[in-house]
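Welcome, and please take a moment to look over the model below.

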Amino acid sequence: MTSPPRFTWQDAWVFLALSTYDTTPKPIDLAKIIEAGDILNRAIFTLKELQAGFSKLAEYGLITVEHDQIKISEDARKIIHKVQQSKGGLFSMVDNALKRLNSPRLKLPSPIESKQSTFDFLTEENLDIACKEYHKQFASHMKKRKHPK
């Protein structure tokens, strides 16, 4: 009998969107996370997807969020590196990450209950602000491409 998968596709999508973070804490930039998610899946995260993904990744020790800063674990860094080296293009990366995250060979610590207060920054208001910032940056980028100097 096989056990149910630890992670969902959406969890893997959030996981890869955090791939620009490192094993040392960095300030959380929701606009950059949204940008990475859009590049990977041509879609914008919902608040529930982000909340569920952050919670699950924290439960398994793949990320740590403290004082509006985030860092990924060494295990997470290794998984991201393997996914980036995998065959397939950009749009297969989330599927590859999901396979690695749910692999029975991946030894992660037992899930620990995450402190929901740790994710107080994940609100509808903050997500809306970050989406507007991302769209503003995207529009600026497209304008520069259309009218190069």
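A crossing of two helices is called left-handed if the near helix is turned anticlockwise from the far one by less than a right angle, and right-handed if clockwise. The helices themselves (H or I, at least four residues) and the strands (E, at least two) are DSSP runs, numbered from the N terminus. By that rule, α4 passes α5 in a right-handed crossing. The residues that make the contact (heavy atoms within 4.5 Å) are Ile79, Lys82, Val83 and Gln84 of α4, together with Met93, Asn96, Ala97, Arg100 and Leu101 of α5. Sorted by class, this contact of α4 with α5 has five nonpolar, two polar and two charged residues. Here Ala, Val, Leu, Ile, Met, Phe, Trp, Tyr, Cys and Pro count as nonpolar, Asp, Glu, Lys and Arg as charged, and the others, Gly among them, as polar.

Before going further, a word on what you are seeing: this is a predicted model, in which local features need pLDDT of at least 70 and side-chain atom pairs count only at pLDDT 80 or more, while totals for chains, interfaces and linings use all residues. Residues are numbered from 1 along each chain as its sequence is written, and side-chain values use heavy atoms, leaving out hydrogens and water.

Two packed helices are described by the angle between their axes and the distance between the axes. Axes are lines fitted to C-alpha atoms, for helices over the stretch in contact, and angles run from 0 to 180 degrees between N-to-C directions. For α4 and α5, the axes come within 9 Å and cross at roughly 135°. That angle makes α4 oblique to α5; angles under 35 degrees count as roughly parallel, over 145 as roughly antiparallel, 65 to 115 as roughly perpendicular and the rest as oblique.

Now follow α5 to another partner, α1. These two helices pack at an angle of about 105°, with their axes 8 Å apart, and are therefore roughly perpendicular to each other. From α1, the contact takes in Trp9, Ala12, Trp13, Phe15 and Leu16, and from α5 it takes in Met93, Val94, Asp95, Ala97, Leu98 and Leu101. This contact of α1 with α5 has 10 nonpolar residues, no polar ones and one charged.

Helix α1 (residues 9–17) also meets helix α2 (residues 30–41), where the axes come within 8 Å and cross at roughly 120°. The pair is therefore oblique, and the crossing is right-handed. Trp9, Trp13, Leu16 and Ala17 of α1 touch Ile33, Ala36, Gly37, Leu40 and Asn41 of α2.

Which residues of α2 are buried (under 20% relative accessible area, with exposed over 50% and partly exposed in between, using a 1.4 Å probe and protein chains only)? They are Leu30, Ala31, Ile33, Ile34, Ala36, Gly37 and Leu40. Their cover includes α1, α3 (47–59), α5 and α6 (124–146).

Finally, let us turn to the loops. Gly88 lies between α4 (74–85) and α5 (93–101), and counts as exposed because its relative accessibility is 60%. In the loop between β2 (63–66) and β3 (69–72) you will find His67, which is exposed because its relative accessibility is 77%. Most residues other than glycine have a negative phi. His67, however, has a positive phi near 50°. Asp68 is in the loop between β2 and β3, and its phi is positive too, near 60°.
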